[in-house]
Each structure stands twice: as C-alpha cells, then as structure tokens.
Amino acid sequence: MNLLATGSGFLGISPTTDQLIVVNLAAILVGTTFNSPQKPIKWGGLLIAVVTTTCALWCGH
C-alpha cells in the first residue's frame, strides 16, 4: 500500500508523455526487427530498444 500512497508510479517511476512515446517507439522497433532472419538486425533492434527505454525512464533526460 505504500507504493500507492507515495504518488509515484511503479518502481518509483511516474512517466511523462515523452517517456511513454519512447517506450512505444521501442516496442515498435522490437516488433519490426525481431522476426528478421539476420541476427545483427534482430538482436541489435532489441538491444537499442532496451537501452533507449532504460535511459528514457531512469536517466532523467
């Protein structure tokens, strides 16, 4: 219940609109590259999406 009483979101994150846009674009990137037969495109898209999402949520840019 303390999580709800603090006023912040899940894991202390209260995402802004810009952060939600980054997360949605990362999901689109994974969705379009993960079925690629070339491994660098497949795993590169996943890696870029994870790093971008992590930075958007926790780096505070």
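On one side of α2, T17, L25, I28, G31 and T32 are exposed (over 50% relative accessible area, 1.4 Å probe, protein chains only; buried means under 20%, partly exposed in between). That side lies opposite the buried residues of α2, which are Q19, A26 and T33. An α-helix has 3.6 residues a turn, so residues three or four places apart point the same way. The cover over the buried residues of α2 includes α3.

Helix α2 has 17 residues. Its first and last C-alpha atoms are 24 Å apart, close to the 24 Å expected at 1.5 Å a residue. The expected span is 1.5 Å times one less than the number of residues. Helices are DSSP runs of H or I, at least four residues, numbered from the N terminus.

## Basis of the model

This is a predicted model: local features need pLDDT of at least 70, side-chain atom pairs count only at pLDDT 80 or more, and totals for chains, interfaces and linings use all residues. Residues are numbered from 1 along each chain as its sequence is written, and side-chain values use heavy atoms, with hydrogens and water left out.

## T33

T33 belongs to helix α2 (residues 17-33). Its relative accessible area is 13%, so T33 is buried. The T33 side chain reaches the backbone oxygen of L29 at 2.8 Å. Beyond its neighbours within four places in sequence, T33 is in contact (heavy atoms within 4.5 Å) with I41, K42, G45 and L46.

## W58 in helix α3

W58 lies in helix α3 (residues 39-58). Its relative accessible area is 52%, so W58 is exposed. Q19 is 39 residues from W58 along the chain. The C-alpha atoms of these two residues, W58 and Q19, are separated by 9.8 Å.

## Cysteines

A disulfide is a covalent bond between the sulfur atoms of two cysteines. Here the criterion is a pair of cysteine sulfur atoms within 2.5 Å. By this rule there are zero disulfides. The closest cysteine sulfur to that of C55 is in C59, at 3.2 Å, so the pair is too far apart for a bond. C59 is likewise in no disulfide, its nearest cysteine sulfur being that of C55.

C55 counts as partly exposed, at 27% relative accessibility. C59 is partly exposed too, with a relative accessible area of 45%.

Key
Helices (H or I, at least four residues) and strands (E, at least two) are DSSP runs, numbered from the N terminus. A polar contact is a pair of N or O atoms within 3.5 Å; within protein, one must be able to donate a hydrogen and the other to accept it, and residues adjacent in sequence count only if both atoms are side-chain atoms.
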